[in-house]
Structures are given as C-alpha cells and as structure tokens.
Amino acid sequence: MFTSTQQIFKSLNCPKCDTPYSKTAGAENTPTQTICPFQEIPEICMGCYEKQRKIDRRINPVHQCGEWGCFVPKPTPSYYLMELLASGAFKLDQEGKGYVQTTQSITIPECPSCQEEYSLRDAKKEPFTLHCGHTTPGENRLKTFLRELEEKLTPEEAKMKSICEDCRKEVSLLEMFQCTDCGDKMLCPRCSCKNHRLHQIIDVEVVEKLWQVIRETIIPQIEAYNACFPELQSNLIKNFNKCQKKILSRTDQVAYFNGFAEAKEQQKACLAFGERFETICEKYLGELRSFNTGIEKLIDDINESPK
C-alpha cells in the first residue's frame with residue numbers, strides 16, 4: 001500500500017483522448033484491451049476503441065500490423081484497471097480532468113497466480129496483459145501507473161519501508177503487521193498469516209489511522225486557543241488602558257467642584273472605582289498564575305509519560 005501526493009494520475013486517463021477511465025464496464029470511457037502490437041499502450045477508452053475499429057473496417061479488414069481482429073466487435077475491458085479505480089483509493093478531481101488519491105491507501109494489484117504484488121523492481125513480477133483483459137507478471141497501463149506512483153511518492157514516503165523479521169523481505173511500512181506475542185516483531189503479510197496466524201497481530205496501518213484520529217482531534221483544539229488568546233489579550237489591553245484613562249479623568253474633575261460636599265462625593269466614587277479595578281485585576285492575575293502553573297504541570301506530565 002502507498003500514499004502519494006494529490007496530483008492527477010495521467011496513467012488512469014485514456015492515452016488517446018486524455019479522458020479519465022470509467023470504473024465500470026460498458027461505459028463510454030471503460031478502459032478497453034486491444035491486441036494490436038502497433039498500440040504503444042494496449043489500453044484505450046471504449047470511445048477511442050470504437051472509433052479506431054470503424055476506421056480499420058473502412059480502410060481494410062486487415063489491420064496495418066497484418067493481423068485480424070486487432071479491434072474485434074466485442075472488446076474486452078481491462079479488468080485490473082477497473083478494479084484499481086473501484087478500490088476507493090481514487091476520486092475524480094474537482095474539474096473532472098483525472099483521478100487523484102483519496103485518504104485511503106493504494107493497494108497494488110496482485111498476480112492471480114502467485115498472489116504477489118506486481119512490481120517494477122523485480123523483472124519476474126512485472127505485469128503484462130492477457131488477451132482476456134486480465135493481467136499477469138510487454139508494456140501495459142498498469143506498468144505506466146506503477147512508474148507514475150513511484151514518481152509521485154515524496155522522499156519521506158519513499159523511505160517508508162521496513163524489513164520483515166522472518167523472511168527479510170523489504171515491504172511498504174503500511175503493509176506491515178506487528179506480532180505482540182513475539183515482542184512486536186515486524187512482519188510482512190505473508191509471514192504474519194503463514195507463521196503467526198495463531199498470535200496476536202496488529203495491522204500497522206490501523207496504528208497510523210489511530211495517529212491520524214489523534215491529530216485530527218488535538219490540532220483543532222490547539223489552533224482554537226492559538227487564535228483566541230492573542231485576540232483576548234489585545235482586547236484586554238485596550239479595555240485596561242481605557243478604564244485607567246476613565247478613572248483618572250474622573251479623579252481630575254474633583255478639583256473643579258465648587259463645594260466640599262460635591263468634591264467629597266466624587267472622591268468616594270473614584271475610590272470605589274479604583275477598588276473595583278484592583279479586585280478585577282487581582283482576580284485575573286490569580287487565574288493567570290493558575291493557568292501558567294497548569295500549563296507547566298502539563299508539560300512535566302508529558303515529559304514524564306512513557307513514549
């Protein structure tokens with residue numbers, strides 16, 4: 001399984017008309033198998049297949065390669081491409097120009113004979129297409145897809161490989177399993193089924209999904225407070241300065257009262273405002289100290305918790 005960057009997979013478009021393949025048989029854009037050796041890529045969409053078949057029949061019942069039936073009346077869908085598209089790992093981009101990857105990992109198709117994933121790194125595991133439209137380990141669209149997938153992998157994703165501790169085979173990390181009965185031994189799918197089927201096995205991809213859920217929960221929490229604290233602090237400072245000016249302005253007015261009684265009353269009001277201001281600030285400072293202590297304690301707990 002692989003994850004890759006959000007770019008259109010051109011290998012999942014018809015090489016003639018650049019239209020995205022359909023996921024189902026019988027559609028205008030169904031990936032269709034040809035048996036013509038003159039076709040650089042033997043898969044085209046159904047629409048292009050029909051156009052080419054009409055041209056060939058009009059010009060000559062025998063195609064340019066000298067063989068009969070290169071574009072037969074009953075074309076065969078390329079089942080492995082439809083299986084790949086129907087896996088849930090791909091969706092059309094917003095403009096409908098091609099397929100991009102969803103959040104689901106891409107599962108590489110397997111040879112129906114040996115149940116091994118197709119690979120371009122091993123000549124014995126390279127895919128080629130049968131006349132029936134299925135694929136076994138020539139050039140075909142699946143090869144093009146595998147090359148494109150490798151190119152789209154980021155350096156970090158390309159490094160996501162691990163060695164099976166039983167057979168020593170290099171496997172994508174997201175395909176690995178851990179056997180908790182054997183000290184969290186890292187295993188490939190084949191060895192986990194063959195040698196550890198009675199043990200407690202954990203799918204590494206499930207662990208990655210747990211990590212994604214955790215991040216999807218925690219990151220919004222942190223970002224919400226990162227956004228509100230500066231705004232609250234800015235409003236607090238503005239109101240703090242405004243309140244100070246208002247109190248001092250009322251205090252300055254005491255000198256302009258004519259009578260002692262009015263001045264005394266104004267003094268009493270100003271002192272009351274000052275006491276309320278002090279009470280509010282002391283409460284805020286107490287809560288701020290408590291907040292800071294709580295954050296420091298949380299940091300200590302995170303540092304001391306097992307990794």
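Guide: Contact means heavy atoms within 4.5 Å. Leucine 12, leaving aside residues up to four places away in sequence, touches Pro20, Tyr21, Leu81, Leu84, Leu85, Phe90, Tyr99 and Phe145. The model is predicted, with local features requiring pLDDT of at least 70 and side-chain atom pairs pLDDT 80 or more, while totals for chains, interfaces and linings use all residues. Residues are numbered from 1 along each chain as its sequence is written, and side-chain values use heavy atoms, without hydrogens and water.

Visitor: Which residues have the most contacts inside the largest nonpolar core?

Guide: In soluble globular proteins, nonpolar side chains tend to be buried together. A nonpolar core joins buried (under 20% relative accessible area, 1.4 Å probe, protein chains only) Ala, Val, Leu, Ile, Met, Phe, Trp, Tyr and Cys residues through side-chain atoms within 4.5 Å. Here the largest has 23 residues, and Phe9, Leu12, Phe90, Ile106 and Phe145 have the most contacts inside it. Apart from it lies another core of 9 residues, including Met176 and Val204.

Visitor: Is isoleucine 302 buried or exposed?

Guide: Exposed means over 50% relative accessible area. Isoleucine 302 counts as exposed because its relative accessibility is 53%. This residue lies in helix 7, helices being DSSP runs of H or I, at least four residues, numbered from the N terminus.

Visitor: How much of the protein is buried?

Guide: Of the 307 residues, 31% are buried.

Notes
Helix = DSSP H or I, 4+ residues; strand = E, 2+ residues; numbered from the N terminus.
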